[in-house]
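Please read them alongside the coordinates.

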Amino acid sequence: MKLLFFLLFTVFSIGAYSQNFELPKLRFDYDEYEQGIDAKTMEIHHSKHHQGYVNKLNKAVEGTSLAQKSLVDLMMYASYRSKAVRNNAGGHYNHTLFWEILTPKTKEHQPGEIENAFLRKINAQFGSIESLRKELNNAAAKRFGSGWAWLVVTPQKELVVSSSPNQDNPIMDVSEVRGIPILGIDVWEHAYYLRYQNKRGDYLSAIWSLLDWGVISDKYNTALNDPILAQIEKESWPELMHFHKVMAQTFHPAEKKDFAPLRARGSEMFAKAILLKTSNIPKPLLKPEITQALNRLEKQCGVLNKAIRKNARDSSLFKKINSVHNTFHEIQGLCHD
Ligand code: MN3
């Protein structure tokens, strides 16, 4: 009987958590990376730091609707997620990419060679691998505090060098440069401090000796046809994000009966709604339902702004901001279709 309960319990617990993220195994032993990174740093970085991101991510989504979502989905809408989800989803994704592109040179294995088409693209955009190296290292060196430097494939299929703070990355809607990262350099101190201490530049030189250009070429080719790029193109609509920010910062206090932010920022929100309506709508979103909803949003914000200027009652303002909020989410729903 006890066994039966145990079995039932196990089956139900597994069923409840459909998504469980796992620490990927490294392809090589910790001490094999010595030419660039010492074994102790590799061990702590992988088995403690990365494992920590995985554990905290699983904990953050456990028992919520987010447990059903993919890692990419969790990151794609990072601005809507909790700090714990944003940081730990990014931490898990970024480190997984980092381990994949590092191959130490030993008797048994060699890093792969760069593919011709990828090399031509680098030469066309940066001049040479050497100039790309300088640009990437420069982005990494200038990143204040903790973060990452990236080589990114954008929705326009261009290569761009960027950097991001903490565990953010270019897939996230909070990122300035958006796209799929194919090369990432971890510039958190935990990645290099034991051997290089404060000398981030020395670590950056060393990391290049471990980069596997065969793997990075494969990532480039995969990224070019990845549906994530089309999704990012749809999402890359800064005016929509700007509007959302003001609306969130006024609507949510109003829900809690604090109308001061709304009364202070009604005209700002109206201005953002006009900017949104007249902005360049991303190509995949050029459809009549979106245009109609944008017009409606602008009108509703105008009405709301007028009511604020006439010092209308809270209850009347709430009805109006609620309509704005609904229309906004209708637009966003249309974007995610
Ligand atoms: Mn790290």
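1. Buried means under 20% relative accessible area, exposed over 50%, and partly exposed in between, with a 1.4 Å probe and protein chains only. By that criterion His 45 and His 190 are both buried.

2. The model is predicted: local features need pLDDT of at least 70, side-chain atom pairs count only at pLDDT 80 or more, and totals for chains, interfaces and linings use all residues. Residues are numbered from 1 along each chain as its sequence is written, and side-chain values use heavy atoms, with hydrogens and water left out.

3. Four residues coordinate the manganese ion at 1.9 to 2.2 Å: His 45 (NE2), His 95 (NE2), Asp 186 (OD) and His 190 (NE2). His 45 lies in helix α2 (residues 39–61) and His 190 in the loop between β3 (180–186) and α7 (193–196), so the pair ties together parts 145 residues apart in sequence. Donors here are N, O and S atoms within 2.8 Å of the metal (3.2 Å for Na, K and Ca); water is not among the atoms, so sites may look incomplete. Helices (H or I, at least four residues) and strands (E, at least two) are DSSP runs, numbered from the N terminus.

4. Ser 279 sits in the loop between α12 (260–277) and α13 (288–309). Its relative accessibility is 12%, so Ser 279 counts as buried. Beyond its neighbours within four places in sequence, Ser 279 is in contact (heavy atoms within 4.5 Å) with Trp 237 and Glu 239. Lys 319 is 40 residues from Ser 279 in sequence and 27 Å away in space, C-alpha to C-alpha.
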